[in-house]
Amino acid sequence: MRYQPDRTTDTPGQTKLTRSHRISGRSDLFPKLVSMQKLIDAQNFVVYRINGSGLPSKQRLVCELENWGSANPVMNKAFIEAYGEAMIEHIEKSLLPLMWNGRDSDSTAETPDFAAFTQRLKPHLLPFAGVAFPVRLGSVGNGYIVFTAKFMDLASDMIVELHGRSCQIMMELLSLDERRSPAAEALSEREIACLQLAGDGRISEEIAEKLGLSVHTVNAYLGSATIKLDSVNRIQAIAKAIRFGYIS
């Protein structure tokens, strides 16, 4: 059973948990994120998941959902360059929402009545302001729901509302992963061994020497593991293997 926040409470600004309908895929999350975006007149949203500690810090923050459109590669790279390391460091210590101001003087994210319960990131690094809601669900499922805008003025009850909804989004993403992983083709021992060494920073030649294989065979194992994990490249395959518990 999973739950989602509902603002039908006796005390304004508080959330309660109600039953959530089972989602069938990521497409079901998109309208929920758009609804959250519209509540605060944001221009875009992004969902980031944090992968295992075996990867360099800037590769650990992985974009799962977004509506940046054709600008996605540029915007995503700029965002991670600006705040990726700070966000990973922050979520290990705090669950307070993060806010930042954009480059222009009128590009700001404000929260006049809730300032003590948010933290500020370094301003003027990006062409937009925004807010990031951290979610920590244990060893997996951690990440941020991010909203960006030219200007943002969030009251306390709206911050509580959106933070609760962000937790639900991440829980649903995690549940989708858990449902997909048993159905995925199991990795072989050789594929797991190659992924583990690749995750430790070894190149194919080093993995081949370590396992007594040819470089061609190592690349074949890594390629088949990438396909089985429904990943676009080796880095994403390593991240998913960590998330699913194949490697550490």
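Predicted model: local features only at pLDDT ≥ 70, side-chain atom pairs only at ≥ 80, totals over all residues.
User: Which residues does Asn 44 touch, not counting residues up to four places away in sequence?
Analyst: Residues are numbered from 1 along each chain as its sequence is written, and side-chain values use heavy atoms, with hydrogens and water left out. Asn 44 lies in strand 3 (residues 44–50); strands are DSSP runs of E with at least two residues, helices are runs of H or I with at least four, and both are numbered from the N terminus. Contact means heavy atoms within 4.5 Å, and Asn 44 touches Gln 37, Asn 67, Trp 68, Val 146, Phe 147 and Thr 148.

User: Is Asn 44 buried or exposed?
Analyst: Buried means under 20% relative accessible area, exposed over 50%, and partly exposed in between (1.4 Å probe, protein chains only). The relative accessible area of Asn 44 is 16%, so Asn 44 is buried.

User: What distance separates the C-alpha atoms of Asn 44 and Phe 147?
Analyst: The two residues are 103 residues apart along the chain. Phe 147 is among the residues that Asn 44 touches. Their C-alpha atoms are separated by 5.8 Å.

User: How many helices and strands does the protein chain have?
Analyst: The protein chain has 248 residues, and 44% of them count as buried. Of the contacts with a separation of 6 or more, 60% come from residues 24 or more positions apart. The secondary structure comes to eight helices and 10 strands.

User: How are helix 5 and helix 8 oriented to each other?
Analyst: Axes are lines fitted to C-alpha atoms, for helices over the stretch in contact, and angles run from 0 to 180 degrees between N-to-C directions. Angles under 35 degrees count as roughly parallel, over 145 as roughly antiparallel, 65 to 115 as roughly perpendicular and the rest as oblique. Helix 5 (residues 189–199) and helix 8 (residues 234–243) pack at about 105 degrees, with axes 10 Å apart. The two helices are therefore roughly perpendicular.

User: Which residues of helix 8 make the contact with helix 5?
Analyst: By class, this contact has five nonpolar, one polar and one charged residues. Here Ala, Val, Leu, Ile, Met, Phe, Trp, Tyr, Cys and Pro count as nonpolar, Asp, Glu, Lys and Arg as charged, and the others, Gly among them, as polar. Helix 5 brings Leu 195, Ala 198 and Gly 199, while helix 8 brings Arg 234, Ala 237, Ile 238 and Ala 241.

User: How many charged residues does the contact of helix 5 with helix 7 have?
Analyst: The axes of helix 5 and helix 7 come within 9 Å and cross at roughly 95 degrees, which makes the pair roughly perpendicular. Helix 5 brings Arg 190, Glu 191, Cys 194, Leu 195 and Ala 198, and helix 7 brings Val 218, Tyr 221, Leu 222, Ser 224, Ala 225 and Lys 228. The contact has seven nonpolar residues and one polar, and its charged residues number three.

User: Which residue forms a salt bridge with Lys 228?
Analyst: A salt bridge is a side-chain nitrogen of Lys or Arg within 4 Å of a carboxyl oxygen of Asp or Glu. Here the closest N and O atoms are 3.0 Å apart. Lys 228 lies in helix 7 (residues 215–228) and its partner in helix 5, so the pair ties together parts that are 37 residues apart in sequence. The partner, at 4% relative accessibility, counts as buried: Glu 191.

User: Which residues are linked with Lys 150 in a network of salt bridges?
Analyst: By the salt-bridge rule the count comes to seven. Lys 150, in the loop between strand 9 (143–149) and strand 10 (152–153), pairs with a residue in the loop between strand 5 (98–100) and strand 6 (109–110), 44 residues apart. The closest N and O atoms of that pair are 3.6 Å apart. The network links Lys 150 with Asp 104 and Asp 106.

User: What is phi of Asp 41?
Analyst: Asp 41 sits in the loop between helix 1 (29–39) and strand 3. At 64% relative accessibility, Asp 41 counts as exposed. Its phi is positive in a residue other than glycine, near 55 degrees.
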